[in-house]
Amino acid sequence: MTPTRVSKHHDDDHDHGAHQEPGFLGFVKRWVFTTNHKDIGTLYLTIAMVNFLLAGAMALLIRSELFLPGHRLIAPDFFNTMTTMHGLIMVFGVVMPVFVGLANWQIPMMLGAPDMALPRLNNWSFWLLPFAFTILLSTFFISGSAPNYGWTFYAPLSTKYGPPSTDFMIFAIHIMGMSSILGSINIIATILNMRAPGMKLMQMPMFVWTWLITAFLLLAIMPVLAGTVTMMLTDRHFGTSFFDAAGGGDPILFQHLFWFFGHPEVYVLILPAFGVISEILPTFSRKKLFGYHFMVYATAAIAFLSYIVWVHHMFTAGVPIQAALIFMYSTMLIAVPTGIKIFNWVATIFKGSITFETPMLFAIAFLFMFTLGGFSGLMLAIVPADYQYQDTYFVVAHFHYVLVPGAIFSAIAAVYYWIPKWTGHMYNETLGKLHFWLSTISLNITFFPMHFLGLAGMPRRIPDYALQFTDFNQIATVGAFIFGFSHLIFLYNIIQTVRGKGKKATKRVWEGAHGFEWTLPSPPPYHSFLTPPVFVEEASSHEAWDVSDHHEK
Amino acid sequence: MTSHTKGSYYLPPPSKWPLVGSAGIFCLLFGLANWLHGNHFGTVLFGIGAMLIIYMIFGWFGTVIRENEAGLLNNEQVEKSYRWGMIWFIFSEVMFFSTFFGTLFYIRVYSVPWLGGEGIGDLTHVLLWPNFVAKWPLLATPNPNEFTAPHSVMNTWGVPALNTLILLTSGVTITIAHWGLLKKKRTQLAIAQLATILLGISFLIMQGVEYGEAYMEKGLRLDAGAYGNTFFMLTGFHGLHVTLGTIMLIVIFGRILKGHFTPAHHFAFEAVAWYWHFVDVVWLFLFIFVYWI
């Protein structure tokens, strides 16, 4: 089909790069006041990387303490603050920002838009985060311990018995929540309003779809978290008894509210990952995504179900058995849409002409290991079995399998996949493959033994353990150090690519890549599409794109 | 769904307001946390934060209004972005209130009856507080030594019913103002807008009177057990939103007097009207579930 254009006038001469005044002040002003989606995307990705190394270092401290039984390296309370902050920072400071960063870079380009719908709001969503993390990290310097009750900060550990720093954590969470809400509003407005002429919702790239659904999840749950931590605050300082039975409240109410936020939150962490995988697998299989419509419906179904499964985190907390059973069934139901997705991904690569560049390697690792994490999730969903597994290392193994090779690997795959587009240079493929093999092998060395530890009864969040758990803990610790340090290769590779060390990237970058972002030069102009491109659909294909070179000058 | 643009989408230049806002919120909340722990610089920081936020609100909204008057936002697609933004912001506010309504329902339907010995609560009842009788309103807490319950609660058909009437009327007056705007009857617009503001202020005054009565005469306080907790949390956050809504209405009134808004282009007015209706609907739920049944 012949590509046509809606508007013929060229505003390309407006399409200059960032305004940056000379000197250090100019540099700071450019990044602090920016309203550009690419700049803001870069900022998000940077803060995610910094937090990843920070929270990773905390994980290595935890693993060092667990290398041998007995209290050896760090004080038990400090160990508790490490598990708490590792979880909080990984969730709020790494996985959420990295996907918002990818959304910022990619969604306007994928939709053929000039920028995000509300660029100033976009800047605000980001610049709230450094302030929030400043408050969160300030808790390490407050007397009476940093938050030490786990990332779930259950009442009454965090209310009646919480250290003074708890209030600082509460306010940090308020600010992070604000950032997420504003970011989601912006993403929804962008997707609903900024699509290129001709692109219908059911023709959007999967990454955009998954983010649309994720943004709705965030909008519905972040206010609930904000309300919940507000009740914690009033319980702590203003004499309320929301989470105190002595006044008619209930500590279990805290768990209900937290997990009403917390369960959809885990889908917030994984749905954009699904989107990334749905972009990468077709490119390197040189086939279109199998069952696009079902992928969209399955994502929506997962999002809907995620609202009605939260009690599966509380089976042993004392909920009525009827409730436990209902939530067991709704939880197991999630396996159906997830199964559809896994099936479609496998069908996408089936009989494709596959090449194994680094993003594809990570995507395939995702496919196997995320599925493994899904299976242990099914085991945990079964009420009587959960009585055994609750609060053991089996749970730790489960959610690390879905989050590390799930969310983190897909984010890494996304960076390898899109960084040639962003920077105009290829990354170092050899180092990328080395990073892949080191991290994939060490990840399994770290987390696989945790299944056995948990089934044998080792509790989580305890700095000491019985002697018979020593071997597997030592294996896990060795794996964790290899895993942690393997990411320095990744960091080095990114820095070298950004500095322009790799060979020049073409516009399309990958032979099998489809979509608007690949019609722009690499690196793309500062404002992606000032003249909207035209979306052209070929007969019986949702995957066909206008691949004309019209944006070339 | 996709709009075709005439002229390009307005991309604002770099702006300092988001950073001012972030720094303001940081100072406000970091100050508040320190204040709660008796660090005296906390109060100062809190004040600085509040001033920064007010400065940001003036500056940011001022910028948008100037851009709008300069015709930069007069683009169908830009306006749609603002619309979607406001709609989903209100949705997030709805979810915020849902948290407290959910808490109210949980406490009334589950935790109080369980503490009274029903369902899975039989052992808790026997072992902890065998004398506790589950009733709503909660006029005796399970542990009266720790949490003193109110001796009575607000009378539904007094001030609360009047406040319901006030807010519903204000919903009508803002619609009359909207009609005036659409039909270019500027006097009708201004008078009806002023009436809405006055109704909002009277609601707030009545609410203040009611709070005074609750604290002074009925012993109904924020810390008076689960009833007081949910009562003040829900009505308090609602009152805060009415206050914000009234301030927004006043800003719009000022802009009306300056001759802003045309029948075709008046999104700011509509956004505030939506917000006002949202506050109105929340009140209806409050009236039914907090005051009435």
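In the predicted model, 77 residues of chain A are in contact with 69 residues of chain B, contact being defined as heavy atoms within 4.5 Å. The two chains bury about 6000 Å² between them, and carbon and sulfur atoms account for 75% of this area. Buried area here is the accessible area (1.4 Å probe) that two parts lose on being put together, summed over both. Local features need pLDDT of at least 70 and side-chain atom pairs count only at pLDDT 80 or more, whereas totals for chains, interfaces and linings use all residues. Side-chain values use heavy atoms, with hydrogens and water left out, residues are numbered from 1 along each chain as its sequence is written, and chains are lettered from A in the order in which they are written.

Two salt bridges are counted between chain A and chain B, a salt bridge being a side-chain nitrogen of Lys or Arg within 4 Å of a carboxyl oxygen of Asp or Glu. In the salt bridge between A:R120 and B:E67, the closest N and O atoms are 2.8 Å apart.

On the side of chain A that touches chain B, at least two residues each are supplied by α1 (23-33), α4 (119-138), α5 (166-193), α6 (206-237) and α7 (251-285) of chain A. Helices are DSSP runs (H or I, at least four residues), numbered from the N terminus. The largest share, 14 residues, comes from α6(A). By class, this side of chain A comprises 48 nonpolar, 20 polar and nine charged residues. Ala, Val, Leu, Ile, Met, Phe, Trp, Tyr, Cys and Pro count as nonpolar, Asp, Glu, Lys and Arg as charged, and the others, Gly among them, as polar.

Within chain B, the domain assignment, which is automatic or from a database, gives domain 1 (1-74) and domain 2 (77-292). Their C-alpha centres lie 25 Å apart. Eleven residues of domain 1 are in contact with nine residues of domain 2, and the area buried between these domains is about 990 Å², with 55% from carbon and sulfur atoms. One salt bridge is found across this domain interface. The side chains of B:R255 and B:E69 meet in a salt bridge at 3.7 Å, N to O.
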